[in-house]
Amino acid sequence: MSKSPQAKHRARKGQHGHYLLRLFMAGNGPNSQKALANLRSLCEEHLNGRCTIETVDVAKDFQAAIRDNILVTPALILVAPRPRVMVLGNLSDLPTVLAALRLSGSKS
Amino acid sequence: MHGKRRPIPKLPTQIAGLDEILEGGLPRGRTSLVSGGPGSGKTVLSLEFLCRGAMAGDPGVFVTFEERAEAVRMNALSMGWNLAALEKAGKMAIIEARLSGDEVLSGDFDIQGLLTIVGGHARRIRARRVVMDALDVLLRVYGDRQRERIELYRLHDWLIDRKLTSVLSVKAQLDGNMAHRYEFLDFMADCVIRLDHRVLGQVATRRLRVIKYRGSGFGTNEYPYVIGDHGIVLFPLTQTQLTHQPLGKKVSSGLAGLDAMLDGGFRRAACILIAGSSGTGKTTLASAFARAASRRHEKVLYLSFEESQEAMIAGMLSAGIDLRPALRTQRLMVQTALPEAMGSDNHLIRALEAMDSFKPDHLILDAISACVRMGSEHAAFDYLMRLVAVVKERGITCILTNQMTGLAGDGEELSGIGFSSVVDAVIQLRFVDAGQEIGRQILIIKSRGSGHSNRRESFYITDQGIEFPNNLRLPSARAGQADPKDGGK
């Protein structure tokens, strides 16, 4: 298993991987606040801070919502590393989020 | 509580026929729901509502959850609506709200993003109208009815708070589980319109029905509609059937002998049925009327489902009736079509368009029996009822021919498909065995609002026209009412 392509991919990421995460929120909505808290803890525990979280409040910046076609909030976009991934929801389901961000198994 | 209520404010849709059914338009500042199966025209209807508004200077936002914005623009262009120009002019905004499908779901979310985008565009162009097309596609992402419902109520409240007159379209089969799934939408919306698209006898028919209209009356029938070249066209005719013009003065049948039998002729604005088996002279009788009308400088629209214009003119010429002068002077317009060429709704539109442009005094339809080939007996009945309703409303005399195959019975059977109640006069033609030869006889079975002969009279079709061998005369007291110049001797 450790020699699988996925493992190699993870290793490569680990070397020069810096994560850029853009979180679209709707003001102080409870789901948006939950998503931000979940994302922050994920960053610390699974990326050792190797990440930048960018938040966009769609209520204030509707053009940004148009640009990224954000129909539901909260919505998280993994901007870097590529490929781009979108996760919808308050990110409460950690294993799903980690899998989506290709971080499964980075820390047990 | 009722009756005292002030009429609710409405926004006309400008869609042909719809505002009559909705008694003025959609509820202003409220939410309307349009549901229907695939191909029923939900998108066209809601798009037309928006376009007609935008073209009249009332901007609107169109949110498409299923089709690409470019596809919407193309479809609109085929109806003659230039969305790109309206967008450029700031009268319309098209929002492509399509989830790609590969998003990952984790935890709860809401449609705040969508509302923000719609709100932003609406503010930018000062929109008063919003259409959300194929809303069910967005809701599918929830996969949870409870959440779906909560989000829809959120959307509904948001639209109403902003006083937007909105149309939500939802895909629904009438008896599929989708209908059940979105039942609550019917309660939420102030106005609910159901579109039904079915195929009867290989011909597509579309029907629109208003299910509810909070605070307002509405036409409760099923209304046929077609998607024409310029959008939706509805026929809300059944509501106006009570406005028939009264029967008018006598008008010559074009045959002195028949006028005598009819106590002077037909009544103007009457609906006259000429029934008989093949070859008894139905078309000849109708053509004699047309020729006489054109000589009086009146206009006749002839709808022929039996033969081409050339064949009909040639056939009548051999029976001594020359319709060419009437055609030349444009007092006769012949519209021919194969009944099976299109659905009954399209036939009706064609006839109505001809009536609008040509403005005939009289209409001849040859023959009822062919109309069944429009799809079904039901379709033919519908077509004829609606056609006759318009004809009566406009005070146009109408002659219907019907080819009978069986034995002659009462008026009900003579019309073939049972609408004798709208028929004012019934004339029956038949063959008789007259020894060495076959003769023809004519009988007037009824003539509403007029006296008439009860005798069967013989007549001949010669190369000089129709001749009555018995020198029929008007009852002396009424002599001179008909014009004996035309037709038989």
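**Interface and sheet architecture of the A–B model**

Chain B and chain A bury about 1900 Å² between them, with 64% of that area on carbon and sulfur atoms. Three residues of chain B stand out here: B:Val104, B:Ser106 and B:Ile117 supply 30% of the area that chain B buries against chain A, more than any other three residues. The model is predicted. In terms of contacts, 24 residues of chain A meet 23 residues of chain B.

The polar side of the interface was examined next. The rule finds 0 salt bridges between chain B and chain A. Polar contacts are present, however: 11 residue pairs are found across the interface, both residues of each pair being at pLDDT 80 or more. Two elements of chain B, β6 (104-105) and α5 (112-125), each supply at least two residues of the side that touches chain A. Of the elements of chain B, α5(B) gives the most to this side, with 8 residues. By class, the side of chain B that touches chain A holds 10 nonpolar, 7 polar and 6 charged residues.

Strand β4 of chain A, residues 85-88, is joined to β6(B) by 2 bridges, and the two strands run parallel. Within this pairing, B:Val104 of β6(B) stands opposite A:Val87. B:Val104 is also one of the three residues that together supply 30% of the area buried by chain B against chain A.

At the chain A end of the order, β1 (residues 19-25) and β2(A) run parallel and are joined by 7 bridges. A:Tyr19 has A:Cys51 of β2(A) as its bridge partner.

Backbone geometry in chain A shows several exceptions. Most residues other than glycine have a negative phi, and most peptide bonds are trans. The peptide bond from A:Ala80 to A:Pro81 is cis, with omega near -5 degrees. The bond from A:Arg82 to A:Pro83 is also cis, with omega near -5 degrees. A:Pro81 is placed in the loop between β3 and β4 of chain A, and A:Pro83 lies in the loop between β3 and β4 of chain A as well. A:Arg102 has a positive phi, near 60 degrees, although the residue is not glycine. A:Arg102 belongs to the segment after α4 (94-100) of chain A.

Chain B has a sheet of its own. This open sheet has 9 strands, ordered β17-β16-β18-β19-β15-β20-β21-β22-β23, with mixed pairing. Its edge strands are β17 (332-336) and β23 (465-467) of chain B, each pairing on one side only. On average, neighbouring strands are turned by 25 degrees against each other, direction ignored.

Strand β16 (residues 300-304) of chain B runs parallel to β18 (residues 362-366) of chain B, and 5 bridges join them. B:Ser304 has B:Asp366 of β18(B) as its bridge partner.

B:Thr462 stands opposite B:Gly465 in β23(B). A hairpin of 2 residues joins β22(B) to β23(B).

Two helices of chain B lie across this sheet. Helix α11 (residues 282-295) lies across β15 (271-276), β16, β18, β19 (397-403), β20 (425-434), β21 (437-447), β22 (457-462) and β23 of chain B. α11 runs at about 160 degrees to β19(B). Helix α14 (residues 344-358) of chain B lies across β16, β17 and β18. The angle between α14 and β17(B) is about 165 degrees.

Note on methods: Residues are numbered from 1 along each chain as its sequence is written. Chains are lettered from A and ligands numbered from 1 in the order in which they are written. This is a predicted model: local features need pLDDT of at least 70, side-chain atom pairs count only at pLDDT 80 or more; totals for chains, interfaces and linings use all residues. Side-chain values use heavy atoms; hydrogens and water are left out. Contact means heavy atoms within 4.5 Å. Buried area is the accessible area (1.4 Å probe) that two parts lose on being put together, summed over both. A salt bridge is a side-chain nitrogen of Lys or Arg within 4 Å of a carboxyl oxygen of Asp or Glu. A polar contact is a pair of N or O atoms within 3.5 Å; within protein, one must be able to donate a hydrogen and the other to accept it, and residues adjacent in sequence count only if both atoms are side-chain atoms. Helices (H or I, at least four residues) and strands (E, at least two) are DSSP runs, numbered from the N terminus. Ala, Val, Leu, Ile, Met, Phe, Trp, Tyr, Cys and Pro count as nonpolar, Asp, Glu, Lys and Arg as charged, and the others, Gly among them, as polar. Two strands pair if DSSP finds at least two bridges between them. Axes are lines fitted to C-alpha atoms, for helices over the stretch in contact, and angles run from 0 to 180 degrees between N-to-C directions.
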